[in-house]
Amino acid sequence: TTSKAIVSSFKESSSSEEPWEVIDFLDIEKSLRVKLTDDDIVGVLTCINAANKLKTLKLTHCFQVTGRGLEPLRGSAVLEQLDLSLVGQHEHPDSIFWSPRISEKNVLPILHSITDKECSLLQ
């Protein structure tokens with residue numbers, strides 16, 4: 001499946017001593033990144049037990065993601081940074097040829113479940 005291929009790709013490129021602390025989708029090919037769906041994100045986050053391990057998630061150029069795929073992060077006590085940027089650093093927003101699908105309705109309840117915790121580290 002796509003999720004397993006992505007996880008395998010991240011394993012090979014990970015330089016972190018603690019696996020799965022950081023996932024940056026800029027580390028995979030843009031042609032794949034722009035096609036990723038919420039189902040792909042759910043698969044990756046579930047596979048790595050993200051709610052208990054993942055500190056940083058960067059979804060730059062993941063235009064097909066609505067936010068529903070962040071569900072495995074609900075209630076995370078370890079997530080410190082979530083980047084939902086549509087463009088990368090030094091890119092102009094006018095360079096986007098895709099209509100973003102990210103939805104506050106999907107993302108905000110998950111973020112609230114994280115930030116409402118006393119021990120939340122999310123920036």
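Trainee: Why is K55 called partly exposed?
Mentor: Its relative accessible area is 29%. Buried means under 20%, exposed means over 50%, and partly exposed is what lies in between, computed with a 1.4 Å probe on protein chains only. K55, at 29%, is therefore partly exposed.

Trainee: What kind of model do these values come from?
Mentor: This is a predicted model, in which local features need pLDDT of at least 70 and side-chain atom pairs count only at pLDDT 80 or more, while totals for chains, interfaces and linings use all residues. Residues are numbered from 1 along each chain as its sequence is written, and side-chain values use heavy atoms, with hydrogens and water left out.

Trainee: What makes K55 and E21 a salt bridge?
Mentor: The term requires a side-chain nitrogen of Lys or Arg within 4 Å of a carboxyl oxygen of Asp or Glu. The N to O distance between K55 and E21 is 3.6 Å, so the pair qualifies. K55 sits in the loop between α4 (50-53) and β2 (56-58), and E21 in the loop between α1 (2-13) and β1, so the bridge ties together parts that are 34 residues apart in sequence. E21 is partly exposed, at 22% relative accessible area.

Trainee: How many salt bridges does the structure hold?
Mentor: It holds 3. One of them joins D39 and R68 at 3.2 Å, N to O. D39 lies in helix α3 and R68 in the loop between β2 and β3 (81-83), so this pair ties together parts that are 29 residues apart in sequence. Another joins R74 and E71 at 2.5 Å, N to O.

Trainee: Why does D24 have no salt bridge?
Mentor: Lys and Arg count as positive and Asp and Glu as negative, while His and the chain ends are not counted. The nearest side chain of opposite charge to D24 is K58, 4.4 Å away, and the cut-off is 4 Å, so no bridge is assigned. D24 is buried and belongs to strand β1 (residues 22-24). A polar atom of the D24 side chain lies 2.9 Å from the backbone nitrogen of L26; a polar contact is a pair of N or O atoms within 3.5 Å, where within protein one must be able to donate a hydrogen and the other to accept it, and residues adjacent in sequence count only if both atoms are side-chain atoms.

Trainee: What makes residues 38-47 count as helix α3, and which of its residues are buried?
Mentor: Helices are DSSP runs of H or I with at least four residues, strands are runs of E with at least two, and both are numbered from the N terminus. In α3, the buried residues are D38, D40, I41, V44 and L45. They cover an arc of only 155 degrees around the axis, which puts them on the same side of α3; the arc is taken from the directions from the helix axis to the C-beta atoms. The face turned away from that side carries the exposed residues D39, T46 and C47.

Trainee: How do you know how many disulfides there are?
Mentor: A disulfide is a pair of cysteine sulfur atoms within 2.5 Å. By this rule the count is 0. C47 is exposed at 52%, whereas C62 is buried at 5%.
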